[in-house]
Amino acid sequence: MKKTLKTIAKTIALSLALGIAAAGAASAEPVKVGFAAEPYPPFTSPDASGNWEGWEVEFQKAVCAEAKLDCVITPVAWDGIIPALTSKKIDMIIGSMSITEERLKTIDFSDKYYNTPTGIIGPKGEAFDATPEGLKGKTIGVQVSTIHQDYANKYFGENGATVKEYQTQDEANNDLAAGRIDAVQADAIALDAFLKSDQGEDCCEAKGNVKDDPAILGAGVGIGLRKGEDELKAKLNAAIKAIRENGTYDTFSKKYFDFNIYGG
């Protein structure tokens, strides 16, 4: 009888140990971090070996380390990135996605982690500004499924401009450089990076920032999350706050920007 009890006890102990190990393995499953599978300097771009680098890659690594998450970079086509999140092909979006009322109908967001203006660029020597009056009669390039597409359609498309959609920001910039369109709207920092490139420096210049509309342009950029994942959201919010307070955020940001990207 004693031998049987010992055997049962060992079996129970082994089962508990295996259960704990399995639970630990499950909790350590990689977290797939989605962003657009295209160059978007200075936020994300592949190096010569195909490894992704940039400000947002460093932000992702810092946040995941602080939150003790095993994060895996997972590039996704931008126009399918929210469906990829809601269908659990990825677990969060760290891809310069603005927090907007429209997106909040489908997904949730962390606290903001940066906020910058929206700009317009165009050919050098052509005098126009980033207003509906200045862009009337012109063709403006925007990336599809972005806040810039929505904004340009409302403020410029309805006031005499033609809004042309592109799958990637690079395609819009290339068409501007080639003279096929008159202007491009996008995040001011991303446009500044293009203007500093050989191609952008030769052809184009900033025409100013558009008038803000928080309902369309949002309240800053946040980490996109599935609704109901409150524990993950709390971890990420705590991590964003921690890396800003301990100096990590400023340390890697200074490598890319000479101003406060966090914004007001």
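Colleague: With which side chain does the side chain of Gln143 make a polar contact?

Modeller: This is a predicted model. Gln143 sits in strand S8, residues 139-143. The polar contact joins its side chain to another side chain at 3.0 Å, and the partner is Glu38.

Colleague: Is Gln143 buried or exposed?

Modeller: Leaving out residues up to four places away in sequence, Gln143 touches Glu38, Trp78, Gln149, Tyr166, Gln167, Thr168 and Gln169. Its relative accessibility is 7%. The cut-off for buried is under 20%, so Gln143 counts as buried.

Colleague: Which loop holds Ser145, and is Ser145 buried or partly exposed?

Modeller: Ser145 lies in the loop between S8 and H5. Phi of Ser145 is near 60 degrees, a positive value in a residue other than glycine. At 36% relative accessibility, Ser145 falls in the class partly exposed.

Colleague: What covers the buried residues of H5?

Modeller: Helix H5 spans residues 147-155, and its buried residues are Ile147, His148, Gln149, Tyr151 and Ala152. Gln149 is also one of the residues that Gln143 touches. The cover includes strand S7 (118-123), S8, strand S9 (162-166), strand S10 (183-187) and helix H9 (214-217).

Colleague: Which residues touch the most other members of the largest nonpolar core, and which elements give two or more residues to this core?

Modeller: The core has 31 residues, and those touching the most other members are Trp55, Phe59, Leu69, Met92, Tyr113, Ile223 and Tyr249. The elements that give two or more residues are strand S1 (31-36), helix H2 (55-66), strand S6 (108-114), helix H7 (188-195), strand S12 (221-225), helix H10 (230-245) and helix H11 (248-253).

Colleague: What does Phe59 touch, not counting residues up to four places away in sequence?

Modeller: Phe59 is among the residues touching the most other members of the largest nonpolar core. With the sequence neighbours set aside, its contacts are Ile94, Tyr113, Ile223, Ile240, Ile243, Tyr249 and Phe252.

Colleague: Which peptide bond is cis, with omega near 5 degrees?

Modeller: The second residue of the pair, Pro42, lies in the loop between S1 and strand S2 (45-46). The cis bond runs from Pro41 to Pro42.

Colleague: Is Lys88 buried or exposed?

Modeller: Lys88 is found in the loop between helix H3 (81-86) and strand S5 (92-93). Its phi is positive, near 70 degrees. The relative accessible area is 60%, and over 50% counts as exposed, so Lys88 is exposed.

How values were computed
Residues are numbered from 1 along each chain as its sequence is written. This is a predicted model: local features need pLDDT of at least 70, side-chain atom pairs count only at pLDDT 80 or more; totals for chains, interfaces and linings use all residues. Side-chain values use heavy atoms; hydrogens and water are left out. A nonpolar core is a set of buried Ala, Val, Leu, Ile, Met, Phe, Trp, Tyr and Cys residues joined through side-chain atoms within 4.5 Å. Buried means under 20% relative accessible area, exposed over 50%, partly exposed in between (1.4 Å probe, protein chains only). Helices (H or I, at least four residues) and strands (E, at least two) are DSSP runs, numbered from the N terminus. Contact means heavy atoms within 4.5 Å. A polar contact is a pair of N or O atoms within 3.5 Å; within protein, one must be able to donate a hydrogen and the other to accept it, and residues adjacent in sequence count only if both atoms are side-chain atoms.
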